[in-house]
Amino acid sequence: MRNTVRDHRLQLQLSQNELAERAGVTRQLVGAIEMGRHAPGVDAALRIARVLQVSVEDLFAASQPSASVSITDEHTDPEPGIPVIVSRVGDQRVFAPVRNLLSNESWAVVDGFTGEGDIDVLPDTDDSGFLVAGCDPLLGMASAVVARQGGPRIVPIHLSTDRAIDALARGVVHGVVVHGPSHSLRAAPVDVHRCRFASWRVGIASPANRGLASVEQLAERRLRTAQREDGAGSQRALQRALERVGAKSLPGPRVDGHFDAARHVVAGVAAGVTMEAAAAAFGLHFFALESHQSELWIDSRRLGHRGATALLNALTDRSLVQRARHLPGYDVADMGTEVRAS
């Protein structure tokens with residue numbers, strides 16, 4: 001059900017801290033109420049309702065907790081104790097498992113953990129973030145720039161293009177970043193606002209001292225290659241390249257993303273299907289298979305979210321554009337330009 005405490009707070013443009021201060025309650029209590037983990041006492045409920053300019057009955061009648069929904073699978077109950085990121089999308093509380101708590105030599109900050117039948121959300125969690133799924137690393141940079149400028153929380157979740165589009169169809173994300181050859185992107189499953197993100201190349205990374213030069217070498221020698229899931233844009237590029245040389249598949253592990261593929265090459269796998277920027281980050285040799293266009297798609301029903309405005313503004317902000325221009329292999333000349341349906 002809809003959480004009217006959060007809705008009324010956002011309508012008045014109040015932060016959780018501001019609501020707590022004006023109502024004389026703790027920030028933790030406000031967060032717990034909005035996440036459906038706590039029902040306030042009569043006195044606290046009256047003070048919160050007074051600040052939000054609504055009756056207690058109207059405020060709390062529809063605020064009962066509802067079960068959380070996984071960003072990747074609405075039917076599977078995860079094992080308890082898995083760290084998650086949490087956000088509200090429409091009337092749903094959505095969670096995404098955090099695969100790697102240690103990122104760039106620092107511990108990831110999570111919002112809670114899976115429990116018995118639902119999510120145990122930490123009391124200081126703000127679930128009002130703008131949830132965007134995709135696998136373009138520039139998404140993380142854009143969210144950091146928004147945060148640095150004091151904007152709303154942008155929550156980037158790593159998913160392949162196909163899985164991100166599936167999440168968009170289920171209504172469990174506010175937006176997605178997808179990539180592929182510009183002529184072969186899947187159709188959006190819902191009405192979306194589309195804009196350019198970046199252009200870059202996908203291909204094969206290999207150790208710099210014995211760099212591979214062609215897909216034929218991979219196929220003929222049956223070299224172990226770190227690969228993505230079948231719905232990933234880079235994996236599709238590899239499959240198309242293999243078909244052109246009469247091959248069907250390659251041996252090797254399946255990995256979580258572009259940087260994970262590059263890490264596997266550093267660790268000893270002969271090759272990895274990845275993007276040019278990831279190969280450069282690890283000092284690897286790279287040859288291109290395809291040029292891809294990445295786009296930001298925002299569900300048209302979510303365009304009123306503060307995060308949508310902040311993210312769209314960031315794509316044309318000079319600070320982000322200057323940083324993105326220095327990413328190896330990135331072309332951001334059209335970043336932020338709206339894409340009209342043909």
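Strand E10 is mostly covered: 6 of its 6 residues are buried. Keep in mind that this is a predicted model. Both faces of E10 are covered. On one side sit Gly175, Val177 and His179, and on the other Val176, Val178 and Gly180, all of them buried. In general, side chains in a regular strand alternate between the two faces of the sheet.

Now, where does E10 sit? The sheet has 7 strands, in the order E9-E8-E10-E14-E11-E13-E12. That sheet is open, and its pairing is mixed. At the edges stand strand E9, residues 154-158, and strand E12, residues 225-226. Each has a single partner strand, so one side of each is left without a neighbour in the sheet.

Take the neighbours of E10 one at a time. Strand E8, residues 130-134, pairs with E10, residues 175-180, in the parallel sense. There are 3 bridges between them. To find one on your screen, go to Val132: its bridge partner in E10 is Gly175. Next, E14. E10 and E14 pair in the antiparallel sense, over 6 bridges. Here, look for Val177, which stands opposite Leu296 in E14. As a reminder, strands of a sheet pair through backbone hydrogen bonds, either parallel or antiparallel.

Which strands does helix H9 lie across? They are E10, strand E11 (192-206), strand E13 (271-275) and strand E14 (285-299). H9 covers residues 233-244 and runs at about 135° to E14. Helix H10, residues 258-266, packs on the sheet too. H10 touches E10, E11, E12 and E13, and its direction makes about 150° with that of E13.

Stay with H9 for a moment. The helix has 12 residues and reaches 17 Å from its first C-alpha to its last. That is close to the 16 Å expected at 1.5 Å a residue. Which residues of H9 are buried? Gly233, Ser234, Gln235, Ala237, Leu238, Ala241 and Leu242. What covers them includes E10, E11, E13 and E14, along with helix H8 (215-221) and H10. Just after H9, Gly246 takes a positive phi of about 80°.

Inside it, strand E2, residues 83-89, runs antiparallel to strand E3, residues 92-97. 6 bridges join the two.

Last, a helix pair. H6, residues 138-148, packs against H13, residues 318-325, at an angle of about 150°. The axes are 10 Å apart. Is the crossing left-handed or right-handed? For H6 and H13, it is right-handed. From H6, the contact takes in Leu138, Met141, Ala142, Val145 and Arg148. Facing them in H13 are Ser319, Leu320, Arg323 and Ala324. By type, the contact residues divide into 6 nonpolar, 1 polar and 2 charged.

Note on methods
Residues numbered from 1 in each chain as written. Predicted model: local features only at pLDDT ≥ 70, side-chain atom pairs only at ≥ 80, totals over all residues. Heavy atoms only, no water. Axes fitted to C-alpha atoms, helices over the stretch in contact; angles between N-to-C directions. Helix = DSSP H or I, 4+ residues; strand = E, 2+ residues; numbered from the N terminus. Left-handed = near helix turned anticlockwise from the far one by under 90°. Contact = heavy atoms within 4.5 Å. Nonpolar A, V, L, I, M, F, W, Y, C, P; charged D, E, K, R; others polar. Pairing = 2+ DSSP bridges. Buried < 20%, exposed > 50% of the residue type's maximum accessible area, 1.4 Å probe, protein only. Expected span 1.5 Å × (residues − 1).
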